[in-house]
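Student: Please take a close look at one part of this model and describe its surroundings.

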Amino acid sequence: MRRASAMARRRGLTQEDRDLWAAYSRTLTRLMPGKSRLPGPPAPPAPAAPPPEMEAPPPPVKRRSPAAALGVNAAPAGVDKSTWGKFRAQKIRAEARLDLHGHTAARAHREVMQFVEMAHATGLRCVEIITGNGEILARELPHWLNTPSVRPLILGLAHPHARNSGAIRVLLRRRRT
């Protein structure tokens, strides 16, 4: 036993190792009747110095609540009446257009996401996306513009004219530098 203790000191066994050895040694006495029970491992010495203080966890990150879904032709929060009126009356000119005629839904979705991100990155204020009347794309476009990846870039959506539901004008947020 003396040899095991010396090895334990040299290697510096962990408490887990000592507990494992104690459990193993208890099984040996059951397997070998008539043998005396082996002593358990020595108790670890009390720590001389207090444990080092742990760093305080970082403060919780304030998460912004998800932006409310945008409706087409519905005045959004955060846009004053003057700006919204100019946008609806087409006094804010569309600086870029994306025509989705002939696109599949998957390709159109990819094009819309890239177009909106590119327009915002280049500092454009108003863009127009043309889908065509009565198509699947016209129905899906507002949903695509409300996805978490592009919704924070958009202030409002409107049809350019009451009778023209085949196009949507997008008012983009200004870039913060």
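In which strand does E128 lie?

Tutor: E128 lies in strand β2; strands (E, at least two residues) and helices (H or I, at least four) are DSSP runs, numbered from the N terminus. The model is predicted: local features need pLDDT of at least 70 and side-chain atom pairs pLDDT 80 or more, while totals for chains, interfaces and linings use all residues. Residues are numbered from 1 along each chain as its sequence is written, and side-chain values use heavy atoms, without hydrogens and water.

E128 has a relative accessible area of 9% and is therefore buried (under 20%; exposed is over 50%, partly exposed in between; 1.4 Å probe, protein chains only). Its side chain makes a polar contact of 3.3 Å with that of R97 (a pair of N or O atoms within 3.5 Å, one able to donate a hydrogen and the other to accept it; residues adjacent in sequence count only if both atoms are side-chain atoms). Beyond four places in sequence, the contacts of E128 (heavy atoms within 4.5 Å) include A94, L98, F115, P160 and I168.

Strand β2 (126-130) is also part of what covers the buried residues of helix α5, together with α4 (105-121), β3 (154-158) and β4 (167-172). Those buried residues of α5 (136-145) are L137, A138, L141, P142, W144 and L145. They fall within an arc of 160 degrees seen down the axis, so they line one face of the helix; the arc is taken from the directions from the helix axis to the C-beta atoms. I136, R139 and H143 are exposed on the other side of α5.
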